[in-house]
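Hello,

Here is the structure I promised to pass on. Please open it alongside this email, and my notes follow below.

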Protein chains: 2
Amino acid sequence: MQNGSKSSRNCVVLLSGGLDSATTLAIARSRGLACCCLSFDYGQRHRYELEAAGRVARELGAVEHRVVRVDLSADAGFGHSALTDAIDVPKDRDDDGRIPVTYVPARNTIFLSIALAFAEAVEAFDIFIGVNAIDYSGYPDCRPEFIEAFERLANLATAAAAEGRGAFKIHAPLIHMNKAQIIRTGLDLGVDYSWTHSCYDPGPGGLACGRCDSCRLRLAGFAAAGAKDPAAYRKQEP
Amino acid sequence: MQNGSKSSRNCVVLLSGGLDSATTLAIARSRGLACCCLSFDYGQRHRYELEAAGRVARELGAVEHRVVRVDLSADAGFGHSALTDAIDVPKDRDDDGRIPVTYVPARNTIFLSIALAFAEAVEAFDIFIGVNAIDYSGYPDCRPEFIEAFERLANLATAAAAEGRGAFKIHAPLIHMNKAQIIRTGLDLGVDYSWTHSCYDPGPGGLACGRCDSCRLRLAGFAAAGAKDPAAYRKQEP
């Protein structure tokens, strides 16, 4: 296994292929870390996100990029989300304070757990995740208290921590940023957001719908940042 | 998806196919719960454990048994354990207080995380795991403080908890039992331990080695319980 360059410390970065995780990888790289990236093929309904993750890892100089398959689809007994089941992705949704149907049960807990195993394998103690609790969809596993609870768990769960080789730190550098701040941070660090994919319900060729929560947060973020979103959107019906 | 009988509450039981998880399933069943069992095909070096899990689920009346594949082998970038990598399983090991090489990085964290997603899918709030902190190999993710930290995390991570539909409880009914107590509990509940497989390094046909940590804890437990271990062992070389 490739363990990063000899001169810099390894870290693990969760990379979905979206705007937030690309920015998170750029931040980890800017700190001089050798980034071992993990993406998940979890039964999501399209592949554009994983293709984007590959581009982002390559362009931002990850030392390693692994795609882990863990099937959270309805066929596998999971489902219960518009991203993994036969449930329509909501469009033009008003934020009513409820958790939307795009929530995937325990997704970030699963992703962080597997990232923790990967961190033990590559001898990393720093795990980066691009969650954000400002311009987000209200998912419980994006909140600071969730991240803190996972960090506490990580330091009880592992041989690396129990044997005193180090302490795990879960880095969520975007957690208190709004979308415009995230985009400006990424642009400053050289992220080209045309590499990324955000839409929950893309059309043929990966064209973004412009109307799901993820597209709307992205578009509003670019507008607030005074930057042009390089993503390709479907023509809207009049 | 089958969601258990209409009259009883669902729970999720992690089922490895070993002695401890079989006893745990019997305990959950004795409490009148409809048991949705999860086993993991995680790149372990043999299949006997998963075959045993199928037998145990069937014999003890689980309402559902799913095998989730998540590859933690060295080829997938994980490994670093005698159970998932080209590392010899230690034999006749004296307990030196160290975590042995059979530790699988973050295994119980990953298994519980996926069990949490499954619990949301089957609308269960009770998750059973057969960890035990007395006659065990010293794995950090078998300790009571780990289980408590995971329970805390589960109640921050999920829509089911955030929306007030219930509170997750991680049940580890064996955690303070010694192996003989576990075996006596299982026998009283009708477990036939010939269904189970414990050996880390089985020979052809699944014959147990009798010398790995898992076999030695099992054999000592049966001896202390005054019961006969129905498992088939390899003939020991003189």
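**Helix packing in chain B**

Helix H1 (residues 19–30) of chain B packs against H6(B) at an angle of about 45 degrees, and their axes are 9 Å apart. That angle makes H1(B) oblique to H6(B). The crossing of these two, H1(B) and H6(B), is left-handed. On the H1(B) side, the contact uses B:Leu19, B:Asp20, B:Ala22, B:Thr23 and B:Ala26. H6(B) supplies B:Ile182, B:Thr185 and B:Gly186. Sorted by class, the contact of H1(B) with H6(B) has four nonpolar, three polar and one charged residues.

Please keep in mind that this is a predicted model.

H6 (residues 179–188) of chain B also packs with helix H7 (residues 213–225) of chain B. Here the angle is about 70 degrees and the axes are 8 Å apart. That makes H6(B) roughly perpendicular to H7(B). The crossing of H6(B) and H7(B) is right-handed. From H6(B), the contact takes in B:Lys179, B:Ala180, B:Ile182, B:Ile183 and B:Arg184. From H7(B) come B:Leu217, B:Ala220, B:Gly221, B:Phe222, B:Ala224 and B:Ala225. By class, the contact of H6(B) with H7(B) has eight nonpolar, one polar and two charged residues. Look at B:Ile182 in particular: this residue is part of the contact with H1(B) and of the contact with H7(B).

**The sheet in chain B**

What is the order of the strands in the open sheet of chain B? The five strands run E3-E2-E1-E4-E5, with parallel pairing. Strand E3 (64–69) and strand E5 (169–171) of chain B are at the edges. Each has a single partner strand, so one side of each is left without a neighbour in the sheet. On average, neighbouring strands of this sheet are turned by 25 degrees against each other, direction ignored.

Within the sheet, strand E1 (residues 10–14) of chain B pairs with strand E4 (residues 126–128) of chain B in the parallel sense, over two bridges. B:Val12 stands opposite B:Ile127 in E4(B).

Two helices to look at against the strands: helix H2 (residues 48–59) of chain B lies across strand E2 (34–41) and E3 of chain B. H2(B) runs at about 175 degrees to E2(B). Helix H3 (residues 107–122) of chain B packs on the sheet and touches E1, E2, E3, E4 and E5 of chain B. The direction of H3(B) makes about 160 degrees with that of E1(B).

**How the two chains meet**

How many residues of chain A are in contact with chain B? The count is 36 residues of chain A against 36 residues of chain B. On the side of chain A that touches chain B, the elements giving two or more residues are helix H3 (107–122), helix H4 (144–157) and helix H5 (159–162) of chain A. H3(A) gives the most, with ten residues. By class, that side of chain A has 23 nonpolar, seven polar and six charged residues.

Best wishes

How values were computed: Residues are numbered from 1 along each chain as its sequence is written. Chains are lettered from A and ligands numbered from 1 in the order in which they are written. This is a predicted model: local features need pLDDT of at least 70, side-chain atom pairs count only at pLDDT 80 or more; totals for chains, interfaces and linings use all residues. Axes are lines fitted to C-alpha atoms, for helices over the stretch in contact, and angles run from 0 to 180 degrees between N-to-C directions. Helices (H or I, at least four residues) and strands (E, at least two) are DSSP runs, numbered from the N terminus. Angles under 35 degrees count as roughly parallel, over 145 as roughly antiparallel, 65 to 115 as roughly perpendicular and the rest as oblique. A crossing is left-handed if the near helix is turned anticlockwise from the far one by less than a right angle, and right-handed if clockwise. Two residues are in contact if their C-beta atoms, placed from the backbone, lie within 7 Å. Ala, Val, Leu, Ile, Met, Phe, Trp, Tyr, Cys and Pro count as nonpolar, Asp, Glu, Lys and Arg as charged, and the others, Gly among them, as polar. Two strands pair if DSSP finds at least two bridges between them.
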